[in-house]
Amino acid sequence: MKGKDRRRAILCSVALIVSTVGATAQGFSGLGAKLGYNSSRFIGADIPGKGVNSQSGLTLGGFATYEFNNTFSLQQEVLFTMKGSRINTVGDVWLSNIFLYIEMPLLAKATFFTENRLRSNVYAGPAVAALIGAFNNTGFLEDIRSYDLGFVIGGGVEIWKLSLDLRLMKGLLNFDRSADDIDLKHQTISVLMGYAF
Amino acid sequence: MNNYIFSILLLVQIVFLACARAGDCTAFMAAKGNKVLAGRNADWNNLSVRMRVLPASEGKYGRVYLGAEGGQGVGSFINTTGMNDQGLWYGSTSLYDGTALPVRNDIKNYYNKPTLNYDLVQKVMEVCSTVDEVIEYFAEYYYPVWNGHHLFVDRHGNSVIIEFGEKDVVFVRRSGDHQVMTNFPNADTLNARWYNCWRYRTADCMLFESQDISTEFFRSVCDAVHQGGKNPTSLSTVYDVTTGDLYVYYFHNYEEVLAFNLYDELAKGEQYYSLPDYFRQTRANYPTGGESVSPSAVTFSWNGNAQDYDLYYSTDPSFTGATPVRTSDSVAPLRSSVGFSVLCIGVLVLGAGCRRRKRICMLLYGLVVISAFASCNIEAVVESPFAPSSIEHHLTVENLQPNTQYYWKVIAQEPGDVRSESSVQTFRTTG
């Protein structure tokens with residue numbers, strides 16, 4: 001693991017822990033659950049095979065929100081998420097690579113039109129993820145980094161207790177550790193439906 | 001949407017089947033010193049494994065094929081490995097069959113090659129004697145069936161993996177002293193990182209690290225890469241390509257083997273063996289693993305469902321000149337004493353518990369006696385091909401040489417030429 005990557009991961013982990021502890025101390029303003037579809041693919045200079053295509057996946061988890069005021073809030077999410085990519089290896093054969101992560105995005109959120117029933121929001125923030133497993137058609141993949149770090153940006157609408165999000169997660173770390181100097185990261189676009197309890 | 005459903009299904013498949021898919025197979029070879037060996041595991045839930053022997057005929061070499069029967073007689077026999085009398089061996093494994101890898105739809109005759117109205121693998125086994133000749137055939141003719149790939153080995157130690165590349169057939173020659181093939185394209189070296197097959201890695205590592213090779217070592221490779229689960233390793237075969245010796249293991253039980261020689265089988269004429277019928281769950285128990293025993297008397301112990309066994313023990317691992325000792329001449333199998341125990345228990349229970357209802361007691365007593373004697377005299381019924389034998393055999397041999405390494409095995413003595421053998425075990429006598 002490179003020193004730069006390690007520093008990024010440690011800083012993000014500390015930020016997540018501090019924010020979570022702080023929010024706990026002052027009380028959450030809301031809890032909820034999220035479920036959605038995502039489409040992910042590999043990005044980077046070392047795209048394998050003859051090309052890559054998006055891999056569909058599932059995202060499922062929960063969130064807790066801490067409101068500073070009517071507009072600004074922090075949202076901590078814990079999500080089970082599938083990432084990956086399809087790789088065109090030989091002929092018209094596409095290898096489906098699926099990576100399973102527990103991902104924890106910490107999002108700074110701005111909500112607009114708070115007086116209306118239909119509210120909109122934008123958010124951004126870091127996300128750390130722990131790898132559960134990675135596999136494709138031929139078996140389990142080895143030499144995959146056991147954690148990942150990414151940056152999330154997105155927006156959505158809320159009505160009553162329901163929400164609909166569209167977000168982009170860009171990986172910041174190379175996940176492939178099978179050789180030195182490989183540039184291969186995750187990129188995921190997700191559509192999530194949420195329900196605040 | 002289909003993509004989404006597929007990814008969910010793939011996840012479920014991986015989690016629940018843990019890589020055990022229909023048609024997974026492993027084929028491997030090594031050429032070290034003057035030995036050329038080949039092996040193959042068939043991982044398939046079809047347990048109707050068969051061997052077909054076809055003597056030489058006009059324009060065709062004699063050959064043996066092994067595979068499985070589809071359930072409709074000899075005509076449905078699917079051969080997946082075999083060897084001819086010229087020392088040409090082949091083994092096939094699945095590739096783009098929709099299980100290990102998706103089906104390829106882009107394969108076609110891009111270069112307008114001539115086609116044979118005949119299976120090309122069968123053709124080369126009939127008329128070729130070397131890997132170079134096989135390559136010439138596959139290069140010349142278009143072969144439309146590429147849901148698998150093939151490893152060919154000849155008696156000179158040459159080997160090649162033949163599969164369909166981007167636009168044409170490709171030949172992957174051996175670079176080291178061994179070659180392994182599972183269920184991903186060996187020619188696609190650019191994406192080797194994404195083909196992470198544990199069976200390939202295990203076999204490749206074992207063959208790379210071995211200084212010397214033997215059929216026993218190849219047996220251990222088959223054992224190391226075998227699968228269980230819903231699509232288990234149903235048939236394992238090890239071939240000595242130079243001598244024509246062939247060893248067959250059933251349902252990943254590597255303690256019992258059927259040993260054949262290609263040339264002996266060809267001399268008998270055309271044969272079609274239902275291989276499961278010949279296994280007797282033979283398993284050597286003691287002494288094993290090179291343990292030390294007293295030379296004054298060694299009591300050999302093994303299990304097996306055959307009535308009689310020949311015990312071979314020798315200081316030579318090939319048992320050259322060893323004189324067998326037959327068990328039926330010495331010790332009755334434990335099964336008889338089990339039957340006698342059942343009889344005794346029946347007498348005691350009925351005698352103690354039933355004084356008033358004498359007629360019923362006598363009837364039950366008679367049934368117990370008949371059952372007990374029947375259990376002594378009929379062949380043990382194996383309910384499942386996978387159940388270990390409960391029949392234990394013993395034989396004591398005296399006055400062995402002190403401080404000597406010995407090898408031993410037992411061979412079932414039954415009518416016919418195909419006989420179940422235990423794997424070869426070792427022990428050492430003390431000084």
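Which residue stands opposite Leu311(B) in strand 19 of chain B? I'll come to that in a moment. Keep in mind that this is a predicted model.

The answer is Val325(B). Strand 19 of chain B, residues 325-326, is joined to strand 18 of chain B by two bridges, and the pairing is antiparallel. Strand 18 of chain B also runs antiparallel to strand 21 of chain B, residues 405-413, and there seven bridges join the two. In strand 21 of chain B, the residue opposite Leu311(B) is Val410(B).

Now the side chains of strand 18 of chain B, residues 308-314. They alternate. Tyr309(B), Leu311(B) and Tyr313(B) are buried and point to one face.

Next, an open sheet in chain B. Three strands make up this sheet, in the order 15-17-20, and the pairing is antiparallel. Strand 15 (283-286) and strand 20 (392-398) of chain B are the edges, each pairing on one side only. From one strand to the next, the twist averages 30°. Between strand 15 and strand 17 of chain B, residues 297-303, there are three bridges. One bridge partner in strand 17 of chain B is Asn303(B), across from Arg283(B).

Last, the two chains together. Contacts link 28 residues of chain A with 29 residues of chain B. On the chain A side, the elements giving two or more residues include strand 3 (55-67) and strand 4 (72-88) of chain A. Strand 5 of chain A gives the most, five residues. By type, that side of chain A has 13 nonpolar, 13 polar and two charged residues.

Terms used. Residues numbered from 1 in each chain as written. Chains lettered and ligands numbered in written order. Predicted model: local features only at pLDDT ≥ 70, side-chain atom pairs only at ≥ 80, totals over all residues. Pairing = 2+ DSSP bridges. Helix = DSSP H or I, 4+ residues; strand = E, 2+ residues; numbered from the N terminus. Axes fitted to C-alpha atoms, helices over the stretch in contact; angles between N-to-C directions. Contact = placed C-beta atoms within 7 Å. Nonpolar A, V, L, I, M, F, W, Y, C, P; charged D, E, K, R; others polar. Buried ≥ 20, exposed ≤ 12 C-beta atoms within 10 Å, placed from the backbone.
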